[in-house]
Amino acid sequence: MDYIQVTLLTLLLGLVVTLLIFFLQNLETRKGGKSQYSKPTFLIIGPNNSGKTALFFKLTSDDDHKQQFTHTVSSIEPNVKEISLPFSKPRLGSKYQLIDYPGHIKYSKLLTKLMNEDITLKNIKGIIYVIDSSSTAINGEAVKLISKQLFTLLSSTEKLPTGVDFLFAVNKQDLFDSKPIHKVKETLELEMTKLIKNELQAKKFQENNENELESEENDNAIREFWSSTMGLHQSFKFEFLEGNMDFVGGSILKNKAGNWENWVDERVVN
């Protein structure tokens with residue numbers, strides 16, 4: 001067997017092995033079925049230091065420890081726990097997954113994958129977006145980061161005919177410098193208006209993707225969604241969206257989270 005034949009045989013063998021590996025991976029995926037996260041889920045999201053993780057531990061603790069405040073540090077990995085809901089009657093309830101997702105902006109793409117591919121949108125029963133309402137935390141760059149994350153989240157959740165319900169848990173309302181709930185909402189709507197207008201004028205919504213055609217199609221879909229949402233309006237309002245957008249105040253530190261628990265219970269019962 002000459003050199004050329006050996007080379008061709010080696011290439012052919014390599015191709016066969018590659019195809020075999022690809023086939024086995026797909027077969028295993030089909031056998032394995034859904035992702036481990038594909039179950040009815042409530043997501044807790046928000047900026048760093050807003051109180052997400054403290055709320056997660058409060059909601060997942062037993063009755064004897066619910067009154068206690070848990071001091072936490074900013075999470076760098078998701079916290080996941082299965083709980084029985086509704087909170088009012090956990091023994092008679094059903095199992096739901098509660099996920100506390102890290103707030104850093106660099107995790108936004110992984111969050112999008114988690115929502116769309118792992119949990120899947122139809123399994124998301126509600127999103128709890130925790131906001132620090134103190135005056136230093138709801139100004140400037142912080143509001144821009146919140147708006148960017150909301151823009152990405154809503155571009156996904158509003159794909160569903162009825163959207164996904166959001167609870168904006170306006171935390172730290174016990175502080176003397178906290179902004180009123182309606183002011184927090186207005187501040188976000190103003191920043192969202194600027195962001196949406198800028199994005200609609202931009203050539204691309206995302207960084208270049210390996211699949212340019214897929215990226216362009218996704219950009220067009222997002223552009224069409226936000227254009228239709230804004231319509232002839234000059235400013236964005238949360239009421240324009242399909243999902244319910246509820247702004248509810250509270251304080252994890254002062255153990256005032258009852259209204260947030262009631263919001264979750266309503267989504268479970270209805």
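User: In strand 6, which residue is the bridge partner of Leu-167?

Analyst: Asp-246 is that partner in strand 6. This is a predicted model, where local features need pLDDT of at least 70, side-chain atom pairs count only at pLDDT 80 or more, and totals for chains, interfaces and linings use all residues. Residues are numbered from 1 along each chain as its sequence is written, and side-chain values use heavy atoms, leaving out hydrogens and water.

User: How many bridges pair strand 5 with strand 6?

Analyst: First the terms. Helices (H or I, at least four residues) and strands (E, at least two) are DSSP runs, numbered from the N terminus. Two strands pair if DSSP finds at least two bridges between them. Strand 5 and strand 6 share five, in the parallel sense. Strand 4 and strand 5 are also parallel, over six bridges. There, Phe-166 of strand 5 is the bridge partner of Ile-127.

User: What is the strand order in the whole sheet?

Analyst: Six strands form an open sheet, ordered 2-3-1-4-5-6, with mixed pairing. Strand 2 and strand 6 are the edges; each has a single partner strand, so one side of each lacks a neighbour in the sheet. Elsewhere, strand 1 and strand 3 run parallel, joined by four bridges. Phe-42 has Leu-98 as its bridge partner in strand 3.

User: Which side chains of strand 5 are buried on each face?

Analyst: In a regular strand the side chains alternate between the two faces of the sheet. Buried means under 20% relative accessible area, exposed over 50%, partly exposed in between (1.4 Å probe, protein chains only). One side of strand 5 carries Phe-166, Phe-168 and Val-170; the other carries Leu-167, Ala-169 and Asn-171; all are buried. Six of the six residues are buried, so strand 5 is largely enclosed by the rest of the structure.

User: How many residues does the largest nonpolar core have?

Analyst: A nonpolar core is a set of buried Ala, Val, Leu, Ile, Met, Phe, Trp, Tyr and Cys residues joined through side-chain atoms within 4.5 Å. The largest one here has 39 residues. Leu-43, Leu-150, Phe-168, Leu-188, Trp-226 and Phe-238 have the most contacts inside it. Helix 4 gives the largest share, six residues. Another core, of 22 residues, lies apart from this one and includes Leu-85 and Tyr-96.

User: Is helix 2 mostly covered or mostly exposed?

Analyst: Mostly covered: eight of the nine residues in helix 2 (residues 52–60) are buried. They include Leu-55, Phe-56 and Leu-59. Contact means heavy atoms within 4.5 Å. The cover over helix 2 includes strand 1, strand 2, strand 3, strand 4 and helix 7.
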